[in-house]
Amino acid sequence: MRGRLNRVARRLDRPLRTITSGARMLPSVLLIGSQKAGSTSLYRYILEHPRMLPPARKEIGFFDIYFAEGLDWYRSRFPLERPWPAATLEASTGYFDYPHAPRHIAQTLPDVRLILLVRDPVERAFSHYLHTVRMGHEPLGFEDALAAEETRTGALLARMEEDPSFYAREINYYSYLRRGRYAEHLEGWYRYFPRERLLVLQTEELAANPEGVLEKVWEFLGVPPHRPKRFERHNSAPQGKRAGMAPATRKRLEEYFAPHNRRLEQLLDLQLGWGQGASVQPEFERG
């Protein structure tokens with residue numbers, strides 16, 4: 001009975017949200033990525049702040065998948081305006097490397113604040129691969145999947161870059177290398193947003209010191225500090241089912257990403273410490 005009532009409530013909720021879209025908030029904060037870097041955990045921590053209200057779902061995908069649906073569709077996914085200080089956010093990890101997202105967001109939310117999590121791209125690529133396997137979209141071994149990336153995604157990427165209305169989920173599934181070339185994507189964001197409006201955080205720091213990372217977030221958002229009751233694991237990877245990465249594959253990936261990492265360090269004026277034994281706790285594996 002409860003399940004049936006929940007289904008009825010969801011069916012009624014959608015038209016109600018559409019009717020009331022004009023009275024709803026737009027987000028003042030977007031977590032734009034990157035995939036497999038802990039965005040789920042950070043999103044949940046931020047939502048524990050008493051001024052932050054949740055959207056209908058964490059990943060709405062408006063600025064990459066559903067932009068043609070229009071602003072009323074997007075606004076309907078957020079809470080109603082409040083008569084007291086309150087804000088809302090969303091966390092769609094596909095935004096960061098979608099080439100049209102910076103322009104779409106700048107046009108729609110000109111005052112929004114953006115948060116980006118970056119993770120050692122070697123670890124990120126492998127975690128991304130394991131996630132794609134778990135979801136049933138990846139029949140290849142890791143090394144073969146890396147070798148097949150250009151064949152699988154090259155033509156789709158070219159079409160997507162030319163046509164803002166085109167979107168292909170295969171790019172999400174198989175961009176193991178492309179998504180870890182952070183600097184080339186970040187430069188596109190800086191063309192539309194000043195640096196002071198885009199906070200870049202490291203997943204490794206979030207795993208080691210979540211309270212310290214949240215202090216940076218509260219300062220960036222201009223809200224009073226708030227500490228979650230506890231830093232729970234969110235969206236964590238299943239334990240006991242993680243295959244290891246072959247040492248030779250790791251070495252090749254470290255060499256591949258090294259110039260991209262140096263470019264990112266120069267862009268951020270920051271030493272990232274990747275490739276020096278950095279690791280991430282399992283609770284951040286699937287964010």
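Four nonpolar, two polar and four charged residues make up the lining of the largest cavity, where Ala, Val, Leu, Ile, Met, Phe, Trp, Tyr, Cys and Pro count as nonpolar, Asp, Glu, Lys and Arg as charged, and the others, Gly among them, as polar. Before we look inside, note that this is a predicted model, in which local features need pLDDT of at least 70, side-chain atom pairs count only at pLDDT 80 or more, and totals for chains, interfaces and linings use all residues. Residues are numbered from 1 along each chain as its sequence is written, and side-chain values use heavy atoms, with hydrogens and water left out.

The structure holds one cavity of 30 Å³ or more, and about 50 Å³ of space lies in the largest cavity. A cavity here is a set of points, on a 1 Å grid over the protein atoms alone, where a 1.4 Å probe fits but cannot get out; lining residues have an atom within 4 Å of a point. Grid points are joined across faces, edges and corners, and the volume is the space filled by probe spheres set on them. Among the lining residues are D64, G94, Y98, M160, N172 and R179.

Let us follow N172, which sits in helix α7 (residues 169-174); helices are DSSP runs of H or I with at least four residues, strands are runs of E with at least two, and both are numbered from the N terminus. N172 counts as buried because its relative accessibility is 18%, the limit for buried being under 20% relative accessible area with a 1.4 Å probe and protein chains only. Leaving out residues up to four places away in sequence, N172 touches Q35, H128, Y167 and R179, a contact being heavy atoms within 4.5 Å. Q35 lies 137 residues from N172 along the chain, yet their C-alpha atoms are separated by 9.2 Å.

Helix α2 (residues 39-47) is largely enclosed by the rest of the structure, because seven of its nine residues are buried; Y43, Y45 and I46 are among them. Strand β5 (residues 198-202) is mostly covered too, with four of its five residues buried. Strand β4 (residues 113-118) pairs with β5 in the parallel sense over five bridges, where pairing takes at least two DSSP bridges. Within this pair, L114 stands opposite L198.

How far can you trust the picture? The average pLDDT, the predictor's confidence in each residue from 0 to 100, is 89, and 86% of the residues score at least 70. Residues 238-242 stay under 50, with five contacts beyond four places in sequence.

Definitions and conventions
Buried means under 20% relative accessible area, exposed over 50%, partly exposed in between (1.4 Å probe, protein chains only). On a 1 Å grid over the protein atoms alone, a cavity is a set of points where a 1.4 Å probe fits but cannot get out, and a pocket is an open set with protein on both sides within 12 Å along at least five of seven lines; lining residues have an atom within 4 Å of a point.
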